[in-house]
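Welcome, and please take a moment to look over the sequence and the model.

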Amino acid sequence: MPSIALHPRSSALVTDPSLSVHNPLPQLLQTPSGLALLELQGTINVPTSEAEQGDPSVDNGIAESTSYETPIGKLMFPDYSIHNPDDTKWMKRVYLYVGRYQRMTGEVKKLPRPIAVLQKRAGTETEELEVVEIVRYKVFFKSRPEPGNQDLRELFPPGAGAGLWDASSRDYNMVMAMLHQLALVDATTDKYNAARVMKHKIYHSAPSLRVLPLRVS
Amino acid sequence: MATQDSRSILFTNTNPQQGFRLLELTPELEKLLTSKDAPALELKTPSAALARAVVDPSAPEYVNLCTPSQTYRIRQVQSSNSLHILRPSLGQISRADIKVVEEEAGETGALNLPDEAVTAIAKCGSTLELHVSPGGFSAVPFLEKSLGLYEKRTGDDDGDISMDETANGSGSLSPVETRKLRDRVFADIPVSSAQCEAGWTGICAFVDEKQGACWRPSARMRLNVWKRLMQGAILQGIDLEKQFLVWDLWKSVLDDDDDSEPPFPRALLEAVARRLCVADEGPSLADEIKWASFDKTECTKWVGETYLAATAPTTSSAIGRSDFLRAWKDCLPESWREEATLSKLQEGSYQSPDPTTICFVVPSLRQQVSKTSAAAPAAAAKAKTTRNWHELLKNPKRR
């Protein structure tokens with residue numbers, strides 16, 4: 001068909017369940033439909049669920065009704081105060097924790113051009129599209145993740161030697177970056193010395209270094 | 001570092017994800033979409049036949065977004081970043097999974113959980129951007145391919161793609177049917193309906209109510225119509241610059257002998273009247289043109305170009321310049337004669353193979369000339385200001 005209609009409003013807006021749900025985001029990021037945009041470098045790897053690993057021929061209708069949410073992490077607007085919504089300084093800092101170990105620092109940005117979120121209109125015979133929402137801000141994480149403070153124990157268990165890391169691994173790089181930040185090592189410190197420094201600093205008993213269940217790559 | 005009391009919001013991923021597309025809006029589009037009576041927009045592609053006939057060198061396949069009056073080319077821009085669409089959580093989070101995010105017991109011994117959550121319901125790896133080509137979008141190239149060429153009393157379609165000629169037998173079409181027929185042509189043309197209508201009016205296209213077919217008249221045919229209507233207007237004392245009834249003009253064109261067949265369909269006369277009507281007085285295509293008054297300057301220009309297109313369409317058929325000016329003047333009402341000077345013709349619409357001759361330049365070639373001269377610096381400037389690396393890298397690669 002040469003022509004597809006694009007409707008300016010969503011037909012389903014009134015019945016959208018998210019309308020009745022409290023929106024925890026700062027006022028600026030709230031939209032009538034509740035939709036917001038979050039951009040980050042790379043992708044979040046969500047662990048594949050049992051349902052997905054199982055029978056791939058699961059009927060779509062069933063899958064729809066069994067929609068579920070997998071926790072990824074936490075979103076924090078550390079400088080945002082609900083009592084002072086006009087102050088926009090809070091926009092400069094947003095944290096996204098992925099899993100318990102990785103933190104990304106980002107900001108809230110006004111989009112250079114507003115973005116319309118389009119969706120296929122439900123319940124029409126021909127293919128039709130509709131504008132669900134027009135979004136003007138996004139939460140943007142442009143830097144790669146850094147390890148959060150409390151994660152050092154997990155990343156560097158006291159029982160483990162430096163041999164645990166190969167010098168190119170992400171975990172190694174992250175810890176090195178962290179140590180640099182804390183001015184505990186400098187560029188000349190090799191990984192064995194780094195490991196020694198870490199051992200002095202970290203003492204708790206902790207499980208051995210484990211594969212992060214969620215990872216930003 | 002995070003302050004201890006800052007609220008944290010649980011961030012989850014919803015399965016299954018939903019399908020969304022992100023469309024970057026221009027300021028005009030944003031205004032249109034947020035207005036109270038926002039119109040439905042259209043995503044248009046040319047029909048398969050038209051896509052073959054009117055090739056766009058920049059894109060073999062494309063989709064245009066059309067508002068009632070504007071056309072934008074949609075370009076899909078891939079991003080290495082991922083854009084997630086969030087919405088407030090519906091709370092269907094499995095408790096067992098929560099430890100992925102939070103230790104089971106915090107220092108206080110309680111489950112340290114944010115009680116508010118947002119969830120990602122979709123991930124988009126690309127956005128749709130809108131572009132307007134430097135020359136804008138025109139329906140004319142498409143109309144030229146989809147409408148049959150109307151020459152006097154012959155229905156030869158000149159090898160073009162002709163409309164399906166459903167000879168409706170006797171009787172003529174109602175205005176509604178006429179409109180339907182026209183809309184069917186427009187449906188296959190990937191520009192906005194206002195631009196379709198402008199193109200249609202511009203080339204004096206018309207629906208023959210008797211044949212039930214859409215046509216574009218040849219330049220000779222248009223010139224012929226003009227000569228007839230001008231003679232008729234002089235005979236009947238119709239002042240073309242003042243408001244007149246189009247019906248009167250049609251009557252003046254017909255021979256006195258009522259039984260004889262009209263020289264051309266009335267719809268064609270109306271199409272020409274629409275074309276020449278003073279810009280803001282012409283009715284929309286949907287409405288019948290009852291009254292009209294012609295714009296002297298526009299009319300003179302149109303007659304000159306039409307004459308040139310009819311008699312000297314190519315360089316090989318160029319005619320003498322003074323001959324042309326004389327003939328042009330002869331085509332005009334007495335009081336308009338001094339209007340006919342070469343400077344009145346649209347720039348680029350004619351060329352002179354040698355100093356004494358003149359010939360017509362068809363619009364499609366005209367655009368190429370102006371495009372090659374204007375597009376290059378424009379593209380370079382665009383590449384500089386763009387924040388999009390796809391665009392930055394695109395130009396040097398091009399031939």
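This is a predicted model: local features need pLDDT of at least 70, side-chain atom pairs count only at pLDDT 80 or more; totals for chains, interfaces and linings use all residues.

Residues are numbered from 1 along each chain as its sequence is written, while chains are lettered from A and ligands numbered from 1 in the order in which they are written.

## Chain B as a whole

Chain B holds 12 helices and 14 strands. Both kinds of element are DSSP runs numbered from the N terminus, with helices being H or I of at least four residues and strands being E of at least two. Of the 399 residues in chain B, 31% are buried. A residue is buried if 20 or more other C-beta atoms lie within 10 Å of its own, exposed if 12 or fewer, and partly exposed in between, with C-beta atoms placed from the backbone.

Contacts in chain B with a separation of 6 or more come to 72% from residues 24 or more positions apart. Here two residues are in contact if their C-beta atoms, placed from the backbone, lie within 7 Å.

Chain B is assigned domain 1 (10-131), domain 2 (140-294) and domain 3 (363-397); the bounds come from an automatic or database domain assignment. Where domains 1 and 2 of chain B touch, domain 1 brings 15 residues and domain 2 brings 13 residues. On the domain 1 side, α2 (48-53) and β4 (64-66) of chain B are the elements that give two or more residues, and α2(B) has the largest share with three residues.

## Where chains A and B meet

The contact between the chains involves 55 residues of chain A and 57 residues of chain B. Several strands of chain A each supply at least two residues to this side, including β1 (3-7), β6 (102-120) and β7 (128-141). The most comes from β4(A), with nine residues. By class, the side of chain A has 34 nonpolar, 14 polar and seven charged residues. Nonpolar means Ala, Val, Leu, Ile, Met, Phe, Trp, Tyr, Cys and Pro, charged means Asp, Glu, Lys and Arg, and the others, Gly among them, are polar.

Strand pairing also links the two chains: β6(A) and β2(B) pair in the antiparallel sense over four bridges. Two strands pair if DSSP finds at least two bridges between them. These bridge partners can be looked up in the model:

| Residue | Stands opposite | Strand of the second residue |
|---|---|---|
| A:Ile115 | B:Glu24 | β2(B) |
| B:Val207 | B:Cys214 | β9(B) |

## The core and two backbone details

Nonpolar side chains tend to be buried together in soluble globular proteins. The largest nonpolar core has 112 residues, and among the members that touch the most others are A:Leu96, B:Leu269 and B:Val272. Such a core is a set of buried Ala, Val, Leu, Ile, Met, Phe, Trp, Tyr and Cys residues joined through C-beta atoms within 7 Å. β7(A) gives the most to this core, with eight residues.

Leaving aside neighbours within four places in sequence, B:Val272 is in contact with B:Cys204, B:Arg222, B:Val225, B:Trp226 and B:Leu229. Why does B:Cys204 count as buried? B:Cys204 is buried because 27 C-beta neighbours lie inside 10 Å. This residue sits in the loop between α5 (193-202) and β8 (206-208) of chain B, and B:Cys204 has a positive phi of about 60° although it is not a glycine.

Another loop of chain B, between β1 (8-15) and β2 (21-24), contains B:Pro16. A cis peptide bond with omega of about -5° joins B:Asn15 and B:Pro16.

## Two sheets in chain B

One open sheet has three strands in the order β7-β9-β8 of chain B, with mixed pairing. Within this sheet, β8(B) and β9 (residues 213-217) run antiparallel and share three bridges.

A second open sheet of three strands has the order β12-β14-β13 in chain B, with antiparallel pairing. Its edge strands are β12 (319-320) and β13 (350-351), each pairing on one side only. Two bridges join β13(B) to β14 (residues 357-360).
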